[in-house]
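This report is meant for a reader who meets the structure for the first time. Please keep the sequence and the model in view while reading.

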Amino acid sequence: MNYFDEQDRCAFKPITENPIILDFSHCRYLGEIHLLLKEKFGLPDYYGENWDALWDCLRYLWCEATPVSIEIHGFSELDQELQKHCATMFEVFDDVHNESPWVTFKRIS
């Protein structure tokens with residue numbers, strides 16, 4: 001792998017949506033949840049697909065000058081066990097909002 005390929009792999013991808021729509025309605029497994037998060041938040045290839053890695057990546061993702069809204073759709077459609085496993089995701093979202101109040105998370109369904 002050359003230098004530029006390696007830089008692309010390690011870089012965050014640009015996010016053009018605002019609000020960012022997280023639609024979990026088609027997710028059946030935890031891996032699909034993390035894939036959606038990785039795609040929608042433009043996370044780099046090295047994203048570890050766990051809640052600590054999500055916190056590490058989201059913590060400084062947005063600049064204070066630009067308010068960002070994240071809408072969470074379809075969460076209630078997830079299997080109950082998967083919802084329980086994702087409880088930590090909402091803790092991460094709360095922590096991100098507490099550290100960066102201009103980033104808001106709104107659960108739609």
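The text below goes from the overall fold to the sheet, the helices, the aromatic rings and the cysteines.

The model is predicted, with local features requiring pLDDT of at least 70 and side-chain atom pairs pLDDT 80 or more, while totals for chains, interfaces and linings use all residues. Residues are numbered from 1 along each chain as its sequence is written, and side-chain values use heavy atoms, leaving out hydrogens and water.

**Overall fold**

The protein has five helices and three strands. Helices (H or I, at least four residues) and strands (E, at least two) are DSSP runs numbered from the N terminus. In that direction the elements follow the order α-β-α-α-β-α-α-β. Of the 109 residues in the protein, 37% are buried, where buried means under 20% relative accessible area, exposed over 50% and partly exposed in between, with a 1.4 Å probe and protein chains only. The accessible surface, from the Shrake-Rupley method with a 1.4 Å probe, comes to about 6600 Å², and 50% of this belongs to carbon and sulfur atoms. Among contacts (heavy atoms within 4.5 Å) with a separation of 6 or more, 66% join residues 24 or more positions apart.

**The sheet**

The three strands form an open sheet in the order β1-β2-β3, with parallel pairing. β1 and β3 (103-107) are at the edges with a single partner strand each, so one side of each has no neighbour in the sheet. From one strand to the next the twist averages 20°. Two strands pair if DSSP finds at least two bridges between them; β1 and β2 pair over four bridges. I21 stands opposite E71 in β2.

**Helices α2 and α5**

α5 lies across β1, β2 and β3 and runs at about 145° to β3. Such angles are taken from 0 to 180 degrees between N-to-C directions, using axes fitted to C-alpha atoms, for helices over the stretch in contact. In α2, the residues I33, H34, L36, L37, K38 and K40 are buried. The cover over the buried residues of α2 includes β1 (20-23), α3, α4 and α5. After α2 comes G42, with a positive phi near 65°.

**Aromatic rings**

Rings of Phe, Tyr and Trp (its six-membered ring) pair if their centres lie within 6.5 Å; planes under 30 degrees apart count as stacked, over 60 as edge-to-face and the rest as tilted. This rule gives five aromatic pairs. Two of the pairs are listed here.

| Pair | Centre to centre | Angle of planes | Class |
|---|---|---|---|
| F41 and F93 | 6.4 Å | 80° | edge-to-face |
| F75 and F90 | 4.8 Å | 90° | edge-to-face |

F41 lies in the loop between α2 (30-40) and α3 (51-58) and F93 in helix α5 (residues 87-99), so this pair ties together parts 52 residues apart in sequence. F41 is buried at 0% relative accessibility, and F93 is buried at 2%. F75 sits in the loop between β2 (68-73) and α4 (80-85), and F90 is in helix α5, 15 residues apart. F75 and F90 are both buried. Ring pairs join F24, F41, F75, F90, F93 and F105 into a cluster.

**Cysteines**

How many disulfides are there? With a disulfide defined as a pair of cysteine sulfur atoms within 2.5 Å, the count is zero. For C27, the closest cysteine sulfur is that of C86, at 8.3 Å, which is too far for a bond. C27 is buried at 8% relative accessibility, and C57 is buried at 8%.
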